[in-house]
Amino acid sequence: MISDNTKKQIDSWIEKYPQGKQSSAVMEALKLVQAENDNQLTSEAIQAVADYLDMPGIAAAEVATFYENYNHKPVGKHIIRFCHNISCMLNGADDLITHLETKLGVKTGEITKDGLISVKKVECLGACVGAPMFQIDDQYYEHLTADKIDDIVDGLK
């Protein structure tokens with residue numbers, strides 16, 4: 001479930017924490033394991049992380065289900081996480097989400113037919129000054145407009 005290469009990467013994160021506190025690396029460990037498992041965390045993958053970090057499975061599951069950057073069902077090659085918190089909502093996020101859904105032919109929580117893009121509506125990405133905004137993979141895009149969204153999404157294909 002966890003490759004040797006990923007274990008080495010997790011070990012480098014474990015080294016950043018005091019001895020006996022390896023569970024502090026859980027967020028990065030989950031991210032790494034998700035990346036090597038088709039960008040998805042199954043309950044078995046979460047338990048494998050818990051076992052590797054010598055922590056209770058429920059503790060790893062709590063982290064994996066609390067944060068919205070972990071995926072528990074299949075996703076597209078690119079994930080668009082559209083912020084839907086108050087700053088983004090007040091700056092037109094609802095209309096822009098509708099625009100994005102129409103452009104892609106999917107609703108939030110779905111994957112495009114070609115498997116390229118998933119759309120998720122998330123609570124907060126911590127970039128309120130750039131509202132409305134979304135994140136694609138690890139890149140933030142701020143001050144969105146319908147035209148900007150079209151250009152960004154067209155660049156993914």
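At what angle do helix H3 and helix H4 pack, and how far apart are their axes? The views below start there. This is a predicted model, where local features need pLDDT of at least 70, side-chain atom pairs count only at pLDDT 80 or more, and totals for chains, interfaces and linings use all residues. Residues are numbered from 1 along each chain as its sequence is written, and side-chain values use heavy atoms, with hydrogens and water left out.

**View A. Helix H3 (residues 43-52) packs with helix H4 (residues 57-66).** The angle is about 125 degrees and the axes sit 8 Å apart (axes are lines fitted to C-alpha atoms, for helices over the stretch in contact; angles run from 0 to 180 degrees between N-to-C directions). From H3, Ile46, Gln47 and Ala50 meet Gly57, Ala60, Ala61 and Ala64 of H4 (contact means heavy atoms within 4.5 Å).

**View B. Four strands make an open sheet in the order S2-S1-S3-S4, with mixed pairing.** Helices (H or I, at least four residues) and strands (E, at least two) are DSSP runs numbered from the N terminus, and two strands pair if DSSP finds at least two bridges between them. Strand S2 (117-122) and strand S4 (139-141) are the edges, each pairing on one side only.

**View C. Strand S1 (residues 78-83) pairs with strand S3 (residues 134-136) in the antiparallel sense, over three bridges.** Ile80 has Ile136 in S3 as its bridge partner.

**View D. Helix H6 (residues 93-104) lies across S1 and S2.** H6 runs at about 155 degrees to S1.
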